[in-house]
Amino acid sequence: MLRYLPFLLVLALWIYAFIDCLNTPEEEVRGLPKVVWVIVILLFGEVLLGPVAWFFAGRPRRVAGRRGGWTAPDDNPEFLASLNRPRDDPQD
């Protein structure tokens, strides 16, 4: 069973790189067009050149801490600006 582990790891990396490339929007892909990256991953996946090249040269760089969506109130500039605005209805 242990002799199959390297093959399974290569296969898992190959599949992950392929799916990651397919799910990445076209405008975020670096280096080559998306279709070319898919071909490179499929042709050179068995020897790990395609998936490794995708992760280092084609995959978009993710900025740490900026995923979009919900932001904590102390990091949200709109919320912080609203704290300085006067309220319309004062509470008694």
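The largest nonpolar core of this predicted model has eight residues, namely Ala17, Cys21, Val29, Trp37, Val38, Val40, Ile41 and Trp54, where a core is a set of buried Ala, Val, Leu, Ile, Met, Phe, Trp, Tyr and Cys residues joined through side-chain atoms within 4.5 Å, and buried means under 20% relative accessible area, exposed over 50% and partly exposed in between, with a 1.4 Å probe and protein chains only. Helices α1 (5-23) and α2 are the elements that give two or more residues to this core, and α2 gives the most, with four. Residues are numbered from 1 along each chain as its sequence is written. Local features need pLDDT of at least 70, side-chain atom pairs count only at pLDDT 80 or more, while totals for chains, interfaces and linings use all residues, and side-chain values use heavy atoms, without hydrogens and water.

Two aromatic pairs are found in a search of the whole structure, a pair being rings of Phe, Tyr and Trp (its six-membered ring) with centres within 6.5 Å, counted as stacked when the planes are under 30 degrees apart, as edge-to-face over 60 and as tilted otherwise. The rings of Tyr16 and Phe55 have centres 5.8 Å apart and planes at 25 degrees, so this pair is stacked. Tyr16 counts as partly exposed at 46% relative accessibility, and Phe55 likewise counts as partly exposed at 23%.

The rings of Trp37 and Trp54, with centres 5.7 Å apart and planes at 70 degrees, form an edge-to-face pair. Trp37 counts as buried at 4% relative accessibility, and Trp54 is buried with a relative accessible area of 0%.
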